[in-house]
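Let's take a walk through this fold, one piece at a time. Have the coordinates open as you read.

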Amino acid sequence: MATRLSDLFGNSRIIAGLLVNLLSSICIVFINKWIYVHYGFPNMTLTLIHFVVTWLGLFVCQKMDIFSPKSLRPSKIILLALSFCGFVVFTNLSLQSNTIGTYQLAKVMTTPVIIVIQTMYYRKTFSTKIKLTLVPITLGVILNSYYDVKFNLLGMIFATLGVFVTSLYQVWVGAKQHELQVNSMQLLYYQAPMSSAFLLVLVPFFEPLTGEGGIFGPWSFQALVMVLLSGVIAFLVNLSIYWIIGNTSPVTYNMFGHFKFCITLLGGYILFQDPLSLNQGLGILCTIIGILAYTHFKLAEQEEGKSRLTQRP
């Protein structure tokens, strides 16, 4: 009886964690898009608020002993903090300028770019099967972008920059975690305030501080509530991702990611009436097939690698 209760409680915690991640990951896209469309809140300022709320949330977490901070030299994470700024700012600008469908599919290109970076600069090798899955992913993104009736050249530039900087950030995060022997929360705890400081310096040069569209402008109470809610949800996304990775398997995390991807695409077309042509639909389907194939082969290779290690004398 006690074992059953323990299993039930454990499963309930996992389900609750997955639900928090599902709701927060989808809501952050829709709320940010809503803020851009209906309130015109400045992008970099919104990103700065996200960083500050994330750091405050992590400060509370470490006080509650959810994780233990580790002292790091600022010089070791300056480039990481700068790339974090670029990654979030450019992806938010992509969301602001593109339809949710194009925004989501552009983000998928992060995987091919990471593979190119790791192959060229880190001499990492990938199997032919993994490389071939990049063909339908890339083809699907191109199809969707080409036939998007709301195609926006500036939006595509932001999306491209976002993919490139995000790829660099993800590669560097993995390298820094290994180099500094820290987990993602310990790294983010030092990285978030440093990124906030960089944006605090940059915001006055790119966005107005007062008047219409400025951070100290005449914003309505509803706009301020939505912005604060967006910051809290951004923190929940980061926290729940860390929790899921630590408490479930890679299969669960990846499959759940595909489910969120599809729900977010569907929600964009329903909530914001984004037009969807047949060719765009084929592009989305092509990309999803590529993502599923990549995940299948990647996880199979990881399992094969683990079995080889266990078989060694």
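Helices here are DSSP runs of H or I with at least four residues, strands are runs of E with at least two, and both are numbered from the N terminus. The model is predicted, so to speak of local features we ask for pLDDT of at least 70 and for side-chain atom pairs 80 or more, while totals for chains, interfaces and linings use all residues. Residues count from 1 along each chain as its sequence is written, and side-chain values use heavy atoms, leaving out hydrogens and water.

Start with α5, residues 110-121. Its buried residues (under 20% relative accessible area, 1.4 Å probe, protein chains only) are Thr110, Pro112, Ile114, Ile115, Ile117 and Gln118. Just past the helix, Arg123 takes a positive phi of about 55°.

Now for the cores. A nonpolar core is a set of buried Ala, Val, Leu, Ile, Met, Phe, Trp, Tyr and Cys residues joined through side-chain atoms within 4.5 Å. The largest one has 31 residues, and Leu58, Phe84, Leu187 and Leu199 have the most contacts inside it. Two or more residues each come from α2, α3, α7 and α8, with α3 giving the largest share, 9 residues. Another core, of 21 residues, lies apart from it and includes Phe41 and Trp219.

Finally, look at Lys33 in helix α1. This lysine is buried, with a relative accessible area of 7%. A polar atom of the Lys33 side chain lies 2.6 Å from the backbone oxygen of Asn98. Beyond four places in sequence, Lys33 is in contact (heavy atoms within 4.5 Å) with Leu95, Gln96, Asn98, Ile100 and Phe272.

How values were computed. Expected span 1.5 Å × (residues − 1). Buried < 20%, exposed > 50% of the residue type's maximum accessible area, 1.4 Å probe, protein only. Polar contact = N/O pair within 3.5 Å; in protein donor to acceptor, adjacent residues only side chain to side chain.
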